[in-house]
Number of protein chains: 2
Amino acid sequence: MSSLEALKERLAPVVDLQRVARVLGWDLQTKMPPAGGGHRAEQLGTLQLLAHERFVDAETGRLLDAAASEVEALDPDSDDAALVRVVRRDYEKAVRVPSELRAEMARASAEARPVWVRAKEQSDFSAFLPALERNVELRFKYVDCFDGVDEPYDILLDDFEPETSTAEVRAIFAELKERLVPLIAELRGDDTDNSFLTGEFPPDRQERLAKGVVELFGMRPGSWRLDPTVHPFASGAGVNDVRITTNYDPQTMKSLFSTMHEYGHGLYNHQLPPDLGRLPTGAPCSLGIHESQSRLWENLVGRSVPFWRFFYPRVQETFPEQLAAVDVDRFVAAINKVQPSLIRIKADEVTYGMHVILRFELEQDIVNGRVALRDLPDAWNAKMSEYLGIDVPDDAHGVLQDTHWAGGMIGYFPTYLLGTVMSVQIWEKAVEDIPELEDAIGRGEFAPLREWLGDHVHRLGRKFSPQETLRRATGSTIDAKPYLAYLESKYRAGVAA
Amino acid sequence: MSSLEALKERLAPVVDLQRVARVLGWDLQTKMPPAGGGHRAEQLGTLQLLAHERFVDAETGRLLDAAASEVEALDPDSDDAALVRVVRRDYEKAVRVPSELRAEMARASAEARPVWVRAKEQSDFSAFLPALERNVELRFKYVDCFDGVDEPYDILLDDFEPETSTAEVRAIFAELKERLVPLIAELRGDDTDNSFLTGEFPPDRQERLAKGVVELFGMRPGSWRLDPTVHPFASGAGVNDVRITTNYDPQTMKSLFSTMHEYGHGLYNHQLPPDLGRLPTGAPCSLGIHESQSRLWENLVGRSVPFWRFFYPRVQETFPEQLAAVDVDRFVAAINKVQPSLIRIKADEVTYGMHVILRFELEQDIVNGRVALRDLPDAWNAKMSEYLGIDVPDDAHGVLQDTHWAGGMIGYFPTYLLGTVMSVQIWEKAVEDIPELEDAIGRGEFAPLREWLGDHVHRLGRKFSPQETLRRATGSTIDAKPYLAYLESKYRAGVAA
């Protein structure tokens, strides 16, 4: 057996353990009896510990060195050359972190989650503070494992968006902020009637519709499931076991949009290269690229005129009490209404970016010691007022709204906006390559888009960096301009079908 | 840190991996998208591989030796002395089996399951034969890892019922067969009317009732769940994460009995010693002891007169169309009707044993090369005719009915009957210790029984062998006589409330 083959055999169980952890994470949020949290934290810690131990073992390094010479003559784009390159990078990072610290991070993260849930229910940041402190402290220990970086935040960001520096993100976000703040101010007076989007939307009918959307957009039958959760997410155990979740709020139909969003994540997982299935290169490229897929389906498809020309009659039939008297123009205008609001995941396309920029700024302040954790609520509320002109009534609707920090996931938030920006670049390239794309969507045909995304984005897996992946898909690395132009053109003109 | 503590730290992740595999097994049968079977087989194989690798590592042996001298002076009944004893035995077995064979067995087992499902649907044994052959061949390889045993079947049996020999089981089963065959013949003419047990039993009402039974029998709120599956089972991730399943056949209310059965398993898992939680001694003792718990709740409680005097009104209210005109005497007589039938899990208490004895005999024939796998259907059908006077119409109702052999689980079946026999011994001791027990059950009070079982059986975990556990709980090792006396007295007299 070649060293390359031996390396693959060594890595497959590591990938398996990561996927098992994903299924357990899904189970934790959808099915686990609530008292089982203690067991689950231990079990997730163990999976992390064993995956890390196996990966950082000296044998991996030895096989990597030997495999590197075996692939030297290969095309750098080949699967095997990419594997050695990607694993080398992962390995150099991983060997710096003690397995016990990895396991402790996984445990602390699993243990903080129920603490955050209770604190949010009671809107009591102080109840959450100790769990946050423990997780942040572990992140400082994690950062200390590395040296030779420009700034500590780079280390944290790299776990979610590899080979992307804080400085690069700051530059993109500065460009966005400069034009988003005035655009939001300009659109603040949007008086579109969206009152019919609030009312009685029975969850069973929402669920039927949500499943219908996934079937319509398309995944191979028998390879996915959709479940209700408090916070929607996508997970799964492999290309043929895709799990997405949504939330059925009986007063709104926002489940439809979160389903389209999670579908985008799910489709990416579904169309990853199956022949790289149990290798690190068979995974999604980065959270930013992942988010480009979810935002593309949620916004570029799911808030577009062609889609709603096709799909609106079905939604109208599902909720006749709410929508019988509302025509498609009024409906599309309503779902695109711009209105600064408290909650990121409910934000419209225009204000969304500022929610992320706020968190990115606070995270840098945390990591650089410019804000004490106990002062986070005040810092949060001040920025909400400054960027969106909104008063935060309580922590549940402010600093406690998202789960990420409970899991110690600092460096994660920026990927939401990076992905949103990239979604427009990818969408515009797809429209360019498939001139009839919007017509097809208007007929309810999604296979052309699915296949284009599969060929140009998904099948690259994790072979290349996020920016190289984007460049191969679109011809360009990340660029804020198409996104800003899209927002300005769509929203200045007013949206109607 | 003492070697004992180091040993515990080494073992905890092994226990975690086993429990993770249990949750994944539950997921496979309840929630997994059907196309995900390939991923799952790989993942279960990996969990088995890594657990086995870690356990059989020379470091475990070294720590065991050192820990053995540390516990030398302790009471042999103490947790720590028991741990060293139990782990020593497990280790001596495990080191004989290559990790790759373990993983291959786990994969072959996961891969055979869908093959069996399809073969059973089509009642086509030949479609299942290759998967069975592969699994049996792996069992032969497994047996070959050991030497110095009286017969090969001992090796397989020991994985399910440790420290119990095939010869001992043969002796007990011979005693049972000698009195069961004439008892079945004698009761064959039972003409009790049970027609009202077939009809319309809406699954949603069955589910409400099944959850009500679990709540009534009792487990801590938030620490269990009940789901529908094709084949009922109990699983879970720890004492606070207990998962039981049942099957809602719309034509019968047998879900009630399978729920009581799985509740017995679940309660055992729920009341295992929490302070031994992540140690091998914190697990159930054996499948036989496990089955004694399920059969106790299903039969000694769930088919008893006192229980139905209390519970029948609720069932009658739930299914008034079927039961309004049926009084409790007729109902109890009907659920205890003796009637030879094709399917083990639907068998009454009297004929049940012969279903197990049939499988035990066939398994010995397989292991000893006295029957070719392709001839199993004929051998099965001949025994069904001889022992129960039943003609098997097709393989789905014969040799393909149970999933165990698809998973390569040879040596498992006898534990069903061993457990059934022990359930009567345990029940009679509980009745002796709690004179008011049957009165309490007649009032719907189950805490006394739950607590007695917790104190006398569950809290022992896996510290002692099954027979030693039974001896400590009841004062006697396994004995067929109480069980036979119970059957003869209950069924010769005729059952009525």
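**Entry 1: H11 and H19, chain B**

I started with a helix pair in chain B: H11 (residues 287-301) packs on H19 (residues 447-456) at an angle of about 155°, and their axes are 13 Å apart. Angles over 145 degrees count as roughly antiparallel, so that is what I call H11(B) relative to H19(B). I noted the crossing of H11(B) and H19(B) as right-handed. On the H11(B) side I found Gln293(B), Leu296(B), Trp297(B) and Val301(B) making the contact, and on the H19(B) side Leu449(B), Arg450(B) and Leu453(B). By class, I got 5 nonpolar residues, 1 polar and 1 charged for the contact of H11(B) with H19(B). Reminder to myself: this is a predicted model.

**Entry 2: H7 and H15, chain B**

Next I looked up H7 (residues 152-160) and H15 (residues 349-367) of chain B, whose axes come within 9 Å and cross at roughly 130°. That angle makes H7(B) oblique to H15(B). Which hand does the crossing of H7(B) and H15(B) have? I have it down as right-handed. From H7(B), Pro152(B), Tyr153(B) and Leu156(B) meet Phe360(B), Glu363(B), Gln364(B) and Val367(B) of H15(B). My tally for the contact of H7(B) with H15(B) reads 5 nonpolar, 1 polar and 1 charged.

**Entry 3: the sheet in chain A**

I then moved to chain A, where 3 strands make an open sheet with mixed pairing, in the order E1-E3-E2. I marked E1 (224-228) and E2 (234-238) of chain A as the edge strands, each pairing on one side only. From one strand to the next, the twist averages 20°. How many bridges join E2(A) to E3(A)? I find 4, with E2(A) and E3 (residues 241-246) of chain A running antiparallel. I also looked up Gly238(A), and its bridge partner in E3(A) is Asp241(A).

**Entry 4: helices across the sheet**

**Entry 5: where A meets B**

Last, I checked the interface: 37 residues of chain A touch 37 residues of chain B. The two chains, A and B, bury about 2,900 Å² between them, with 60% of that on carbon and sulfur atoms. I wanted to know which three residues supply more than any other three of the area chain A buries against chain B. They are Pro33(A), His39(A) and Gln43(A), with 18% of that area.

Note on methods: Residues numbered from 1 in each chain as written. Chains lettered and ligands numbered in written order. Predicted model: local features only at pLDDT ≥ 70, side-chain atom pairs only at ≥ 80, totals over all residues. Heavy atoms only, no water. Pairing = 2+ DSSP bridges. Helix = DSSP H or I, 4+ residues; strand = E, 2+ residues; numbered from the N terminus. Axes fitted to C-alpha atoms, helices over the stretch in contact; angles between N-to-C directions. Parallel < 35°, antiparallel > 145°, perpendicular 65-115°, else oblique. Left-handed = near helix turned anticlockwise from the far one by under 90°. Contact = heavy atoms within 4.5 Å. Nonpolar A, V, L, I, M, F, W, Y, C, P; charged D, E, K, R; others polar. Buried area = accessible area lost by both parts, 1.4 Å probe.
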